[in-house]
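Student: Hey, can you walk me through this one? I've never looked at it before.

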Amino acid sequence: MESVTRIFASQAQKAGLEFQVHFQPADSYRVRGDEIRVRQIIFNLVGNALKFTPAGKIQIRVKPGDIFENIGQFQIDIEDTGIGIEPEFIEHIFNKFTQVDSSNTRRYGGTGLGLYITRQLVEMMGGSIEVESTPGKGSVFHLLLPLLLEPHADSAVWAPPEPEEGEGRTVMPTGTGEEQFKPLVILLAEDNKINQKLIAAILKKAGHKLDIVENGKAAVESAKTGVYDLVLMDIQMPEMNGLDATKAIREAGILELPVIAMTASAFEKDRKMCREAGMNDFISKPLKQAELLQVISKWIDKTLRSF
């Protein structure tokens, strides 16, 4: 972050822009991740903010979020007071070569490739990126990255936050007003190691059994064994993606097995693609403990519902 801000601070000053960087302290641990990719992501987003902000200010806010065992979720917001993005372009802003309009291409330059690359890098790291924007007032890019944590030698050992009541276990109604714990056998199809660790930590704490495969083809073969109560299916995977894998599972006659999509893409068109592939529900990345366990609880009775 410091190396990127050093590069852009002088450019912002020359352009007459206020440039602010806010860090929320997280000094009880070190962060391990891909420094080159993180730098490129921030470089692209701040560079875009400078390019499309003729007056006002740019802010970068960094703060640590939830911690699950040795994985922390970090939020990075990059806000500008620039030209903003029209609502009809928001859904396509991360597509390859997308521009908000031709006049801005001529005035500010660029091909639109930067945000496409940024999204690819974020998703490769198991994170997510979203944007809020008001035309004429500016934009905010929200970035969430799950990263490995290592304690300082002289710091206390940290622990994940305790789940709120009802979060730490999956329950089924018994009809008597009591709750009955029901451990599930869950198949996780996910090629990202960080996400594997995060999901395994959450589900293990909730008492569930988890098997992990790293591509869609292996997910199809595992689903055919009939031993799983639910599948958590990543969309972007090697050999066979999550959409094709789910279609193959349904074509094999496995219709009552709940398949939950996991993706950083949260637009309605993505949800539609998941529904058409035969998926039952949708979880946004990076995953949050409460949301993950809530969705699992929703589908443990294997009653297929639309979403």
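**Pocket and strands**

Student: Where does the largest share of the lining of the largest pocket come from?

Tutor: From α2, which gives four residues. Helices (H or I, at least four residues) and strands (E, at least two) are DSSP runs numbered from the N terminus. This is a predicted model, where local features need pLDDT of at least 70, side-chain atom pairs count only at pLDDT 80 or more, and totals for chains, interfaces and linings use all residues. Residues are numbered from 1 along each chain, and side-chain values use heavy atoms, without hydrogens or water.

Student: What volume does the largest pocket have?

Tutor: About 690 Å³. A pocket is an open set of points on a 1 Å grid where a 1.4 Å probe fits, with protein on both sides within 12 Å along at least five of seven lines; lining residues have an atom within 4 Å of a point. The volume is the space filled by probe spheres set on those points, joined across faces, edges and corners.

Student: Which lining residues are closest to its centre?

Tutor: M1, F23, V31, V38 and L147, out of 22 lining residues.

Student: New topic: what does V31 stand opposite in β6?

Tutor: L149. Strand β2 (residues 29-32) runs antiparallel to β6, joined by four bridges; two strands pair if DSSP finds at least two.

Student: How many bridges does β6 have with β4?

Tutor: Nine, also antiparallel, with D77 opposite H142. With β5 (residues 128-134), β6 has seven antiparallel bridges, and V131 has F141 as its partner. β5 and β6 form a hairpin with three residues between them, and G136 in the turn has a positive phi of about 85°.

Student: Why is β6 largely enclosed?

Tutor: Because ten of its 14 residues (138-151) are buried, meaning under 20% relative accessible area with a 1.4 Å probe, protein chains only.

Technical notes
Buried means under 20% relative accessible area, exposed over 50%, partly exposed in between (1.4 Å probe, protein chains only).
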